[in-house]
Amino acid sequence: MSGGSDKRDSAGDVVIVGGGPVGHRLAQLMARHGHDHGGTLTLLEAEPVRPYHRPLLTSVLDGGLRLDALRLPQVPGARCAPDTTVTGLDRVRRRVRTASGEEYPYDTLVLATGAEPVVSPVPGIRTASGRLLDGVTTLRTLADCARIRGDRIVVLGGGPLGVETAVALRRSGRDVVLVHRGPYPLDRRLDATAGDLLVRHLTSLGVRLRCGRSAVRLAPGELVLDDGPPLVWDSFVCCTGVRPRTRLARAAGLAVRAGVVVDGALRTSDPRIRAIGDCVEGSGRVPGPLATGRDQAEALAAALTGHPSTGRRPADVFRPRLAGLPLGVLGTPETAAAEVVTYSDPARGRYARVSVDAAGRVSSAVVVGLPEALATLTQLFDAHRPLPADRLALLLGRVPAGRPAAAAATSPSDVVCHCNNVTRGALVHAWHGGSRGVRALAGATRATTGCGSCADEVRRLCAQLSVTEPAPAAGPPADEGVDDTYDLAPHPGDRRLRHDRAPVDREAALP
Amino acid sequence: MSEPIPSPTAPDGPVATHCPYCALQCGTRLRAAGHGDAAAAAPVAVEPDDFPVNEGGLCQKGWTAPSLLRAPDRLRTPLVRDASGRLAPVSWPEVLDTVASRLRAIRAAHGPDAVAVFGGGGLTNEKAYLLGKFARLALGTSQIDYNGRFCMSSAAAAGTAAFGLDRGLPFPVTDLAEADTVLLAGANPAETMPPLMRHLGRAGALIVVDPRRTPTARRAALHLAPAPGTDLALALGMLHIAVTEGIHDRDAVDQRTTGFEAAWRHAAAWWPERVERVTGVPVPLQAEAVRMLAGSRRAYVLTGRGAEQHSNGTDTVAGFVNLALALGLPGRAGSGYGCLTGQGNGQGGREHGQKADQLPGYRSIADPRDREHVARVWGVPPGRLPGPGRSAFELLDRLGTEGGPRALLVFGSNPAVSAPDAARVTRRLSALDLLVVADFVPSETARLADVVLPVLQWAEEDGTMTSLEGRVLRRRRAVSPPRGARSELHVLRELAVRLGEPADRYPEEPRLVFEELRRASAGGRADYSGITYERLDAGEALYWPCRHTPDGPAHPGTPRLFLDRFAHPDGRARFQEVDHRGPAETLDERFPLWATTGRLLAHYQSGSQTRRVPELMRAAPEPTVEMHPDTAARAGLAEGDLAWVQSARGRVTARVGLVPTLRTDTVFLPFHFPDGGRANLLTGTALDPRSKMPEFKVSAVRVVPAGHRATRENTGP
C-alpha cells in the first residue's frame, strides 16, 4: 500500500459502490481527514438498510444485540443511498447507473462491492425453479440473520464463518450441528493439535460435530450425509465460502480474475477506478477477513485526501470469535523457521506453536487457550518486533519476577514501607532501639504511615523479632494489639494471577 | 494520633493545615519552635492529622515537607538581571517600579495582549482568583493560562460535556472505601497519592489500566496493560462488552442520560478481538473487568493523567465516562465516575479565573451573563473584560514571536521543566523582552528570568485550597516567612497600583480576597458563596457548590453531586460520540520505542520543591529511564548505565533501570529532573483539540548508550 505516494491526487467527486463496513470505513475516514477538494462523497448500497457492522452479525445470532444495534454511524458530509443497486458503469462519461435509472457522475470511483456467498451444490438445495429450499440460507446480511428460525440448526461448512455461526447459534440456546468435510473445523488454518482443542471446545459448548462428512442430499427439514443417520433441521445455514462480487467490474471491462485486479495503490485497470475489500483479487487468502479491507480503506482514504498514511503493513491475523476460547493464527505456518517454540498442555486446553525468524520475530504462530500469550504475540507480530528472550514467560503470560510488592522483605536492604522508603534493616534497628510494636515503629521510622499496606508485614516482623530476640528487661512495653489506627485489611488478592496460577505442568512439552 | 485536633488559633499549639503537594491535601499539624526571627531558622515539626483523606497517614513527601521551609537556596530578595547578565539583588520598591514601568512600556508599544500571565495549580484559591483579576483588569490581557492545562484539563472538558459540571470527584474520597470495585484508568496513586490507597485498599477489588505494572497495578485484582496511546480503544471495547453481554444498566441509560445510541454506534466497531489486537489486552481480561464492574453494587471508574495526557485525552476520558454511564454509575449513591486531580489546588485553580476561557465560579469568559456578573463584582463595565486567550502551550509557543506576548509573568509554575518540548519552550521563554517569575526557590524557569520575585510558601501563608473531592480547605500560616519574601497577593496589589488600578481592588489579606471570590462565584457552577473562613475554621466540611443563604439556614455544601439530576439543563448526563484514534506520532525505524512519562513517589511535579529535600533526593537522586531488560540489551545497555533517550525533538540523559514487567516497546521516564534530564525534552506538542492537553504520555524515541556517536549523525535538525 503506497498510500502516501499519490498525495494531492485530486479525488474530485467520489462515489463508493458498496456500503459494507469497508466502503463505510473509507467514507468515514475521508470525511474525518477532510475530503476538501470541493468534491462530493457518495456511498451507494444495494441493501435496503443503512450501513451496518457485518462482523457483528454473530452477536445478533447469539442474542447479544438487536438488529438495529448494528447500524454504523452516519458519515458527516457524505450522501448515503441505501437500496441503490448499481447496474452499470460508463467509464467514458464517468457515470454510475443505478437500477432506478439514476446516474451519479464521478471523478473517482471506488468499488467496494464485497463478496457473495457460494452456495454449496448439495443436491436438493434448490427447488425446481432454482430458488433455495425453504429454511435454507447463506449468512452474509442482516436479512440472512432474520431468516434463521426454529431450534434445530444445521450449519454446513467448518470454515471461519461456519464455526463462528455455529458457536453463536449454540449460545442462543439452539441445537446446532456443524457439518464439515475436513478432519476438524478450521483445518485450513489449524494444525491437528490446535484442531483437537477446538473440537473439544465446540463439543463442550454443545455444538455437535460431523467432521469428515459430506452432504449428500438435502430435503425439506432433512440432510443426508455420506455416513451416519440423517440430520433434522429447521434452518440450514450454508457457510461454504464466498467469492468476490465482480459482475459490475467485469461488465465495465475492468481487468478481473477471481477478483478485481488492482495495483499497489488499489487502482484497477482504469486509473479513475479503485477497488478495496473482498471484491479485490487476492484480498486475504480466505476471502473475508475484514482487517485487510479495513487496512485498504485506511490506505486509500489517506491517498485520496492527501492525509499522511500510517504506513502500517497489514499483518495476517486470524482471530475468530469462539465464546471463551482464545484462539489465533498469525501468518502462514512455514516449514523453514529459524526457531520453533512449542508449548503443549492439552489437558488444560493450551497449545502454542510459534515460528521465529532469524531476527527473533514471529513469522507465524498458532495459539490456543493462552490468552495473554496470544494478545502479546499478536502485538509483536503486528509491529514486527522481536520476542522477549524469556519465551516461557511470554507463553505462560506470566508477569516476570522483579520488584514483587507482596513478597516479604528478607534482607536488611529490602524496602518494607515503599511510601516512606523504610528498609527492613531500619525497622530492625528501631526495634532494637526500643520500638516494640507497629505503632512505635511507625513513630520511629514512619513505616506504615503512607498507604498503610505494609502494616501486616511490620506486625509479622515484630512477632518474629520478639521470638528470636527477647526484649530487654527494662525495655518499654510492646504495644501490639492496641493499634487500631492502621488499615489492617489484607490486599485484595491478585485475582488474575491466582487464576493463572494453576501448577505449571512439568511434563508439558517444551522442546 | 487519637488526641483531638487542636484549635488552629491556639497560641503556641500546633497549627492545623495541609500538605503542600498533591490534590489529596492530607491534613497535617505543624509545630514551629519560637517566634519571629528566632523561628526562621528553627526546625518545624510535622505530624499527620486524623483527617478523612489521610487518616493519620502521610507519604515521604509530606513527612519531609518542613525541610522545604529551610531550603538553603530559598529566595529572600528580589532579583533583577543586571548589565552583566547576572541576577542581582534589588529592593522591593525598586523591583516593583521596574516591572511596572517595563510592563507599561511593552503594553504601550504592542498592546495589552503583549503581556501574558502563566499561573499554577498549586496557588491558593485567593491567589488564583486575584491573578485572574489582575490579568484581566490591571494588565487588560486575554493572555492568561496555567499549568493545569498540563494536568487534568482533558478530564475537566470531558466531565463538563458529560455532566454539565466538572468537580474531580463528585463524592468524598472516603466513599471509595465502600466500593466493591474501583477501576483506575491511568492512575498510580500508590506512588503519586499514597494515603488514597488506604481507602482503595478497603474497597473490594481494584482494576488498574496502565501500560506499566506500577505499584498500584501490583495491588490490583486485575491489571489491564494497554499499549501506550490505546486506552480509548479499551474503553470503547469495555462498553461494547457491557452491551453485547446485556449487563449495562438500561434503566439508568433510559432515565438519566441522552446520546447512548450515537455513542454506541462507535463502540459497536470495537468488538473484543479487535480491541485485543489494538491494545494487547486479552479478550478474557476485558470481559472480566466489565463483569466485575457490572456485577458490583457499588463501583467507581476513576481516571488519571494516563488517560488524560494524550492528543485524544478528552475523548479517552469521555470513553471511560461513557462506560460508567452505561453501567449506571454516575449519579448513583455509592458509585460514580471521578478524576484524580493532580496538583494541590488543581481543582480550585481551575475554577477561579486563571484559565484562558474562564472567570471565577467556573464561569465562561465568553458568556455575556457570566461576564456581566463578574464585571459587576469587580466594579467595571463588562466590556473591560478581555475575551478568551490562548491555552497554555499555545501561549508559551507564541512568546517572543511576531504578534505573540513579549512579557510573561509566571506564578507558581516551572514550565521550563514541565511544559512539553521543553527545549522549544525554553527558547520561547528566552526570546521574551521581559520574564518575571514569582517563586520561593530558584526554579529552572526563575533562572531564565529577568526579574525574580521571592514569594511565600505553604506554611507561611493563609488561604484556601480545594481538594480533589471539591472540599474547600484552610491552609494556615504556621511559621513566619523570611524577611524579604512577600505574598503574591501583595505583589499583585503593588503592581496593579503602579499600573494605575485603585488599591482597594486588590486586597492583600487572603480573607478579604476570599470574601470577594465568594461574591464573584455566587450563582456560578462552582459556587463558593456560602463558604466562609469562619465556617471552615469551625471544622465544617464544605464541598462546593455551597450557596449563600442570607435568610435561611446555612447551606450545608454538596458532598455528593448528581444524585437527583446532572447539571445540564435537562438534568441528564450526555454520552459523547467518540472513536479511537492513535497517538500523533507513530513508531518507525528511527524512533522504534514509546516513551511515557510520569511521577515517582519521592518527587512532585517539576521537582523544584522536592529536589530541595535531601531525604527525597537520597530516595530518587537523578533522572532514570526504565526499560525491559531485552530492550536494554538490544541497545547495548545494562542496569545503571547512562543512556541517551532521543526523540524528534530532543535528547535526555538518564540512568538505566531494568524493569522486567515493562513492555519491550516502551520506556518510562519521570519528569521531575532539570537540565539534560528533563523528560519533557522528548515530549511532543500535539494538543487535544478540545482540552488543549499536550501528548505527554506517548512520544516516539530511541535509546542508545550515552555518548553513542551514531545518534549525533542521525539526529535531524
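Q: Two residues are in contact if their C-beta atoms, placed from the backbone, lie within 7 Å, so which residues in H4(B) meet which ones in H23(B)?
A: On the H4(B) side there are B:Asn125, B:Glu126, B:Tyr129 and B:Leu130, and they meet B:Pro510, B:Val513, B:Phe514 and B:Leu517 in H23(B). By class, that contact of H4(B) with H23(B) has 6 nonpolar, 1 polar and 1 charged residues. Charged is Asp, Glu, Lys and Arg, nonpolar is Ala, Val, Leu, Ile, Met, Phe, Trp, Tyr, Cys and Pro, and the others, Gly among them, are polar.

Q: And where do these labels come from?
A: It's a predicted model, where local features need pLDDT of at least 70, side-chain atom pairs need 80 or more, and totals for chains, interfaces and linings use all residues. Residues count from 1 along each chain as its sequence is written, with chains lettered from A and ligands numbered from 1 in the order written.

Q: At what angle do the axes of H4(B) and H23(B) cross?
A: Roughly 65°, with the axes of H4 (residues 125–139) and H23 (residues 510–521) of chain B coming within 9 Å. That makes H4(B) roughly perpendicular to H23(B). Helices are DSSP runs (H or I, at least four residues; strands are E, at least two), numbered from the N terminus.

Q: What about H9(B) and H15(B), at what angle do they pack?
A: About 15°, for H9 (residues 231–244) and H15 (residues 313–326) of chain B, and their axes are 8 Å apart. H9(B) and H15(B) are therefore roughly parallel to each other; under 35 degrees is roughly parallel, over 145 roughly antiparallel, 65 to 115 roughly perpendicular and the rest oblique.

Q: Which residues meet there, between H9(B) and H15(B)?
A: Among them, B:Leu232, B:Ala235 and B:Leu239 in H9(B), and B:Gly319, B:Phe320 and B:Leu323 in H15(B). The contact of H9(B) with H15(B) counts 10 nonpolar, 3 polar and 2 charged residues.

Q: OK, switching to domains. How is chain B divided up?
A: Domain 1 is 15–70, domain 2 is 79–99 + 114–134 + 348–379 + 389–510, domain 3 is 153–339 and domain 4 is 593–714. The bounds come from an automatic or database domain assignment.

Q: How far apart are the C-alpha centres of domain 2 and domain 4 of chain B?
A: 29 Å. Domain 2 of chain B puts 15 residues into the contact and domain 4 of chain B puts in 19.

Q: Last one: what's the strand order in the open sheet of chain A?
A: E19-E20-E23-E22-E21, 5 strands with antiparallel pairing. E19 (317–318) and E21 (339–345) of chain A are at the edges with a single partner strand each, so one side of each has no neighbour in the sheet. E22 (residues 350–356) and E23 (residues 362–368) of chain A pair antiparallel over 6 bridges; pairing takes at least two DSSP bridges.

Note on methods: Axes fitted to C-alpha atoms, helices over the stretch in contact; angles between N-to-C directions.
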